[in-house]
Amino acid sequence: MNAEAPLVITATPNVSWLHPEVDYPRTVESLVEEALRCQEAGASILHFHGEDYWSEAIDALRDETSLIVQCGMSSLPIPERMEVFEKRADMISIITSHHDEAFAELDVHVLHPREELVEYAELSRKYGVKLELETWHTGSIWNIEWMIQRGLLDPPYFTSIFFGWPGGSWSPPTVEEYLHRRRSLPRECVATVSAMGEEQFRLLVAAITLGDHVRAGTEDFPFDRHGNPATTHELVEQIAAVAHAVGRPVASPDQAREITGLVRQAA
């Protein structure tokens, strides 16, 4: 952790799993429009769900923005995600344990065995798409270590550590839990913090001041620190303001590529 390193902000303008009534971009055009606002607000990574339009969205985001394109929906099986690899997105999200989540309108139960992690690692190297290693508890970290020991991952290891997401993968959204998980991560990890619920803001502030990176947007928690509904770019602005207040610079997309070990793919 380096409290003086530029802060990488990941914007998540997707469905709010706990508050699905909150609006979010549902077309490529509206996604790009919101992405541009997020970039202006200080985001350097865009995490999006594009099951119906992965290819079109990747092309449009690369044409219109400088953001790192990170494709989510790690619950989907690999055959349904091959389009992301074939389009050579910058990043793809994978979960390093199992999905066990209890959302407002659905439960998610998906097994992700280590054999799947091996396949993801092989696809990552074949297509040059960096893995975003979604890390929900220390068992997730054990699997990351297992992959590193077998030479399946190349540093830096880009990890997103999750707190407060309801279900069997839940962990408390507290500073104590964050520090414990952070100490458990392998060396050469770049850690991004995601939290759901009212405790989110306090936890993201701790991550910013201690030198890690953060996610913000409607998917994570669609309310500002005062409890008002907010768009993703407004939530990014709020986080960028915290960084400026504590004297930490906000990373540009090019700086974020350097921090995460990315080389931008050709369109």
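Me: Where does Met73 sit in the fold?
Reply: Met73 falls in the loop between β3 and α3 (82-86). Helices (H or I, at least four residues) and strands (E, at least two) are DSSP runs, numbered from the N terminus. One thing to keep in mind is that this is a predicted model, where local features need pLDDT of at least 70, side-chain atom pairs count only at pLDDT 80 or more, and totals for chains, interfaces and linings use all residues. Residues are numbered from 1 along each chain as its sequence is written, and side-chain values use heavy atoms, with hydrogens and water left out.

Me: What is the phi of Met73, and is the residue buried or exposed?
Reply: Most residues other than glycine have a negative phi, and most peptide bonds are trans. Met73 is not a glycine, yet its phi is positive, at about 65°. Met73 is also buried, with a relative accessible area of 13%. Buried means under 20% relative accessible area, exposed over 50%, and partly exposed in between (1.4 Å probe, protein chains only).

Me: How do I read Glu188, and is that residue buried or exposed?
Reply: Glu188 has a positive phi too, near 70°, and is a residue other than glycine. You'll find Glu188 in the loop between α6 (175-184) and β9 (189-195). Glu188 counts as exposed, because its relative accessibility is 52%.

Me: Which peptide bond is cis?
Reply: Look at the bond from Pro155 to Pro156: it is cis, with omega near -5°. Pro156 belongs to the loop between α5 (138-149) and β8 (157-163).

Me: Back to β3: which way do its side chains point?
Reply: In a regular strand the side chains alternate between the two faces of the sheet. In β3 (residues 68-71), Ile68 and Gln70 point one way, while Val69 and Cys71 point the other way. All of them are buried.

Me: In what sense do β2 and β3 pair?
Reply: Two strands pair if DSSP finds at least two bridges between them. β2 and β3 have four bridges, in the parallel sense.

Me: Which residues does Thr10 touch?
Reply: Contact means heavy atoms within 4.5 Å. Leaving out residues up to four places away in sequence, Thr10 touches Ile45, His47, Gln70, Thr192, Val214, Arg215 and Ala216.
Reply: Ser44 is found in the loop between α1 (28-41) and β2 (45-48). Its contacts, not counting residues up to four places away in sequence, include Val8, Ile9, Leu67, Ile68 and Ala251. Ser44 is buried, with a relative accessible area of 0%.

Me: Zooming out, how many helices and strands are there?
Reply: The protein has nine helices and ten strands. Its radius of gyration is 17 Å, close to the 18 Å that the globule rule gives for 267 residues, so the protein is as compact as a globular protein of that length. That radius is taken over C-alpha atoms, and the rule is 2.2 Å times the number of residues to the power 0.38. Of the 267 residues, 59% count as buried.
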